[in-house]
Amino acid sequence: MCDHSHHAHGHSHVPSHGGGEGPERGRRVGDVTRRRVLGGVGAAAAASVAGCLGGGGEGDTPEPVTLTTEDQCEVCGMVIPNHPGPSTEIFYRDEQPSGHDNPARFDSTWEAFQYDFERQDRGWERTAFYVTDYSSVDYTLTQDGDSTLISTHPEADAFVDATEVTFVANSEVKGAMGRDLIGFSAEADADSFSDEHGGTLLSFGDVTRETVAGLGMN
């Protein structure tokens, strides 16, 4: 569980839907437009294989949902759209994550992996794992003191099958819970982001418990 005392980074000024202001906004506009175009092909490919996580029959994979201010992170309890960074949704077969209907909801991707590893230990069956696709949204970066924060995008169409993205892990760019796993459906976008902001490129299968333990409130 997360210590709520760590969350007060002045995030309330960060826009929930990718808007907002900051010293990097103007510089990022051209890059973001190019990124969105590059990401189109990757996002389409991800949609075509969205059923791969569930292992069930056709049409068995649930669709992502839009997260609202009624939705709190399963791990830290923060209201998801009110904070920056990647969001995540995980669906489980015949289970109620944290006592409510699917999906399990998270304001960071590393917390989602942490939660999922624990549920796997309990024998839960995952049917879908969705993360924010920063190749398909017009994201912005803002400065909050010494931290560079990336915008959040809680809309359903901003999510993509997590197995089809390239994550940038442990870059200098932070979300609601510190350094995170920032996903791109276009690998070229992940390469570009990593070149500019540091971090390591990982596939879904590369993310381990050790990876998650090294992220968070750094």
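This report describes the fold, strand pairing, helix packing and aromatic contacts of one protein.

The model is predicted, so local features require pLDDT of at least 70 and side-chain atom pairs count only at pLDDT 80 or more, whereas totals for chains, interfaces and linings use all residues. Residues are numbered from 1 along each chain as its sequence is written, and side-chain values use heavy atoms, with hydrogens and water left out.

**Overall fold**

The protein has 4 helices and 9 strands. Helices (H or I, at least four residues) and strands (E, at least two) are DSSP runs, numbered from the N terminus. Along the sequence, these elements follow the pattern α-β-β-α-β-β-β-β-β-β-α-β-α. Of the 218 residues, 51% are buried, a term that means under 20% relative accessible area, with exposed over 50% and partly exposed in between (1.4 Å probe, protein chains only). Among contacts (heavy atoms within 4.5 Å) with a separation of 6 or more, 73% involve residues 24 or more positions apart.

Four strands form an open sheet in the order β2-β1-β3-β6, with antiparallel pairing; two strands pair if DSSP finds at least two bridges between them. At the edges stand β2 (104-106) and β6 (159-161), each of which pairs on one side only. From one strand to the next, the twist averages 25°. Axes are lines fitted to C-alpha atoms, for helices over the stretch in contact, and angles run from 0 to 180 degrees between N-to-C directions. Helix α2 (residues 109-121) packs on the sheet and touches β1, β2 and β3, its direction making about 15° with that of β1. Strand β1 (residues 88-92) pairs with β3 over 5 bridges in the antiparallel sense, and Thr-88 has Val-131 of β3 as its bridge partner.

**Strand β5 and its neighbours**

β5 pairs with β4 in the antiparallel sense over 4 bridges, and Ser-147 in β5 stands opposite Asp-144. The hairpin of β4 and β5 has 2 residues between the strands, and Gly-145 there takes a positive phi near 65°. With strand β7 (residues 166-175), β5 runs parallel and is joined by 2 bridges; Thr-148 has Val-173 of β7 as its bridge partner. Ser-147 and Leu-149 point one way from β5 (residues 147-150), Thr-148 and Ile-150 point the other way, and all are buried.

**Helix α3**

In α3 (residues 187-197), Asp-189, Ala-190, Phe-193, Ser-194 and His-197 are buried. These residues cover an arc of only 130° around the axis, which puts them on the same side of α3; the arc is that of the directions from the helix axis to the C-beta atoms.

**Aromatic contacts**

The structure holds 13 aromatic pairs. Rings of Phe, Tyr and Trp (its six-membered ring) pair if their centres lie within 6.5 Å; planes under 30 degrees apart count as stacked, over 60 as edge-to-face and the rest as tilted. Two of the pairs are tabulated here.

| Pair | Class | Centre to centre | Angle between planes |
|---|---|---|---|
| Phe-106 and Tyr-115 | edge-to-face | 5.0 Å | 65° |
| Tyr-134 and Phe-184 | tilted | 6.3 Å | 55° |

Tyr-134 lies in the loop between β3 (126-132) and β4 (141-144) and Phe-184 in strand β8 (residues 178-184), so this pair ties together parts 50 residues apart in sequence. Phe-106 and Tyr-115 are buried, as are Tyr-134 and Phe-184. Arg-119 lies over the face of Tyr-115, at 3.6 Å from the ring centre, and its charged end sits over the ring of Trp-124, 5.5 Å from the centre. A charge sits over a ring if NZ of Lys or CZ of Arg is within 6 Å of the ring centre and within 35 degrees of the ring normal.
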